[in-house]
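Trainee: I have a chain to look over. Can you take me through it one question at a time?

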Amino acid sequence: LAQLLQEARELGVIQSPYLVMSDEALALFGQLTARGVKVRINTNSLASTDNLPAFSGYRNQRRQLLAMGIEIFEYRPDPQVMRQLMARVPTAAGRTPIYSMHAKSIVVDSRIVYIGTFNLDPRSQNLNTEVGAIVRHAALARQVEAALETDMAPANSWHAARDDPDRQAG
């Protein structure tokens, strides 16, 4: 995946429920942004995460990532897209669930897409056995990118640099 991202010339769009970068990952993303590659990442917010220890690791790095020029969007627990999803499934006794994001996807330059199990965290990098598919198909990559952009829209995610998403958590 590092090699895939190194191929990026203009844009890397990423979705990962956990965002805790190793030193190697920090260096890679620093190189990408330094050469002008726009990096946009969607991850869970404090209000939507199912893993507080992982979120804590991300929170410790958030300022550094933002300072590198990475745009980060934190998934809301009540995304607007939820209404569309809930219309398809009956609710449990009328209760609305808290939504979190668990997808792991990367789109490079709107032409290459990765979908798999790899989280952007040291556990996936060093301990877990992860799988995924890399597909070099521009039409599919654009479809996945459009879905990621929907998840990053203001009604579905908070902008980490502007919205102070931690204050939204209970």
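Mentor: Start with helix H3, where Ala54, Phe55, Gly57, Tyr58, Gln61, Arg62 and Leu65 are buried. Buried means under 20% relative accessible area, exposed over 50%, partly exposed in between (1.4 Å probe, protein chains only). Helices (H or I, at least four residues) and strands (E, at least two) are DSSP runs, numbered from the N terminus. This is a predicted model: local features need pLDDT of at least 70, side-chain atom pairs count only at pLDDT 80 or more, and totals for chains, interfaces and linings use all residues. Residues are numbered from 1 along each chain as its sequence is written, and side-chain values use heavy atoms, without hydrogens and water.

Trainee: How far apart are the end C-alpha atoms of H3?

Mentor: The expected span is 1.5 Å times one less than the number of residues. H3 has 16 residues (52-67), so it should span 22 Å. The model agrees, with its end C-alpha atoms at 23 Å.

Trainee: At which residue does H3 bend?

Mentor: The bend at a residue is the angle between axes fitted to the seven residues ending there and the seven starting there. In H3 that angle is about 45°, at glutamine 61.

Trainee: Which residue caps the N-terminal end of H3?

Mentor: Look for a side-chain oxygen 2.9 Å from the backbone nitrogen of alanine 54. The oxygen belongs to asparagine 51.

Trainee: What geometry does the pair of phenylalanine 55 and tyrosine 58 have?

Mentor: The structure holds one aromatic pair. Rings of Phe, Tyr and Trp (its six-membered ring) pair if their centres lie within 6.5 Å; planes under 30 degrees apart count as stacked, over 60 as edge-to-face and the rest as tilted. Phenylalanine 55 and tyrosine 58 lie three residues apart in H3, about one turn of the helix. Their centres are 5.4 Å apart with 70° between the planes, making the pair edge-to-face.

Trainee: Is aspartate 78 buried, exposed or partly exposed?

Mentor: Aspartate 78 is in the loop between S3 and helix H4 (81-86). Its relative accessibility is 37%, so aspartate 78 counts as partly exposed.

Trainee: How many helices and strands does the chain have?

Mentor: From the N terminus, the elements run α-β-α-β-α-β-α-β-β-α-β-α-β. That comes to six helices and seven strands.

Terms used: Polar contact = N/O pair within 3.5 Å; in protein donor to acceptor, adjacent residues only side chain to side chain.
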